[in-house]
Amino acid sequence: MAYELLVLDVDGTLVNTNKEITARTRDALIDCQENGIRVAIASGRCTEGIRNQAHDIRLEEYGGYIVSYNGGRITNCRTGEVVYDIPLPEGMIHELYDYSVQEGTGILTYYNGKIVAHSDTDPYICIDAKGCDMPVWVPEDFHRDVHFNVNKCILTGEPEKLAVLEEKAATDFQGKLSVYRSEGFYLEMMPLGVDKAYGVSRLLQRLGYSRGQMLCCGDGFNDLPMIEYAGLGVAMANAPELVRAKADYVAPSCDEDGLVDVIERFVKDW
């Protein structure tokens with residue numbers, strides 16, 4: 001099978017544990033694009049939080065795409081055009097804020113180049129701020145000051161707590177939201193039916209490719225939908241066992257240039 005589209009998660013896939021794209025991985029991805037393979041990033045991060053990685057692998061030069069917010073928005077890197085966008089239902093951000101207070105979790109979302117959160121000292125929010133290279137804004141009054149559409153919210157907390165809350169929240173918001181974890185400490189609250197598989201399916205429609213022409217790589221629970229949907233679904237060796245078990249192939253870890261192995265094994269034929 002000739003793969004025409006290579007879709008990559010960011011954390012734990014494109015970047016290593018130091019949050020860096022190695023020279024080998026960068027060069028291999030640029031080589032792919034120079035030989036006609038389209039590359040897209042699909043991440044739970046907001047679009048602005050992927051800008052540095054997209055620039056490093058020259059997506060704007062080669063016409064690549066960013067599928068951000070776990071499939072909630074698609075952006076053409078060359079033109080900056082948002083070609084698909086689906087926000088949370090109107091007023092849901094306030095309902096989720098009250099829910100986070102009730103359940104004793106943190107909460108964050110994104111707006112205008114900032115992380116909007118209940119706290120700028122929550123350790124899990126700090127992890128996201130550092131990874132996205134974005135400042136944190138803590139509204140003085142969440143209900144009064146947050147009056148804009150957002151693509152998703154994340155509830156933050158200890159993994160053991162969120163493992164239990166994931167099932168409860170899925171029931172509490174049944175028919176209203178999609179609920180799933182991206183990391184043990186992040187519980188994604190998404191528009192109903194939206195996940196990475198949905199996002200990349202919309203990208204396939206735009207590009208005129210079939211599922212069989214797409215190879216997707218990831219390491220997180222939120223990568224599972226696109227890994228299972230793709231013509232070839234790849235999990236990194238650093239992925240949880242459940243994710244690895246669902247993949248067609250398990251690549252070396254993000255600290256071993258696992259994407260280079262994938263490209264050489266399945267993509268490179270020039």
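Me: How many bridges join strand S3 to S4, and which way do the two run?
Reply: Four bridges join S3 (residues 65-68) to S4, and the strands run antiparallel. Strands here are DSSP runs of E with at least two residues, helices are runs of H or I with at least four, and both are numbered from the N terminus. Two strands pair if DSSP finds at least two bridges between them.

Me: What kind of model is this?
Reply: This is a predicted model, where local features need pLDDT of at least 70, side-chain atom pairs count only at pLDDT 80 or more, and totals for chains, interfaces and linings use all residues. Residues are numbered from 1 along each chain as its sequence is written, and side-chain values use heavy atoms, with hydrogens and water left out.

Me: Back to S3 and S4. What lies between them?
Reply: S3 and S4 form a hairpin with four residues between them. Tyr-69 in that turn has a positive phi of about 55°. Ser-68 stands opposite Arg-73 in S4.

Me: Which residue in S5 does Arg-73 stand opposite?
Reply: Asp-85. Three bridges join S4 to S5 (residues 82-85), again antiparallel. S4 and S5 form a hairpin with five residues between them, and Gly-80 in the turn has a positive phi of about 80°.

Me: Where do the S4 side chains point?
Reply: In a regular strand the side chains alternate between the two faces of the sheet. In S4 (residues 73-76), Arg-73 and Thr-75 point one way, Ile-74 and Asn-76 the other. All are buried, meaning under 20% relative accessible area, with exposed over 50% and partly exposed in between (1.4 Å probe, protein chains only).

Me: What is the strand order in the sheet?
Reply: The order is S5-S4-S3-S2-S1-S12-S13-S14, eight strands in an open sheet with mixed pairing. S5 and S14 (249-251) stand at the edges with a single partner strand each, so one side of each has no neighbour in the sheet.

Me: How do S13 and S14 pair?
Reply: S13 (residues 232-236) and S14 pair in the parallel sense over three bridges. The bridge partner of Val-234 in S14 is Tyr-249.

Me: New topic: Ser-100. Buried or exposed?
Reply: Ser-100 counts as buried because its relative accessibility is 2%. Ser-100 is in helix H4 (residues 92-103).

Me: What does Ser-100 touch?
Reply: Leaving out residues up to four places away in sequence, Ser-100 touches Thr-105, Gly-106, Ile-107 and Leu-155. Contact means heavy atoms within 4.5 Å.
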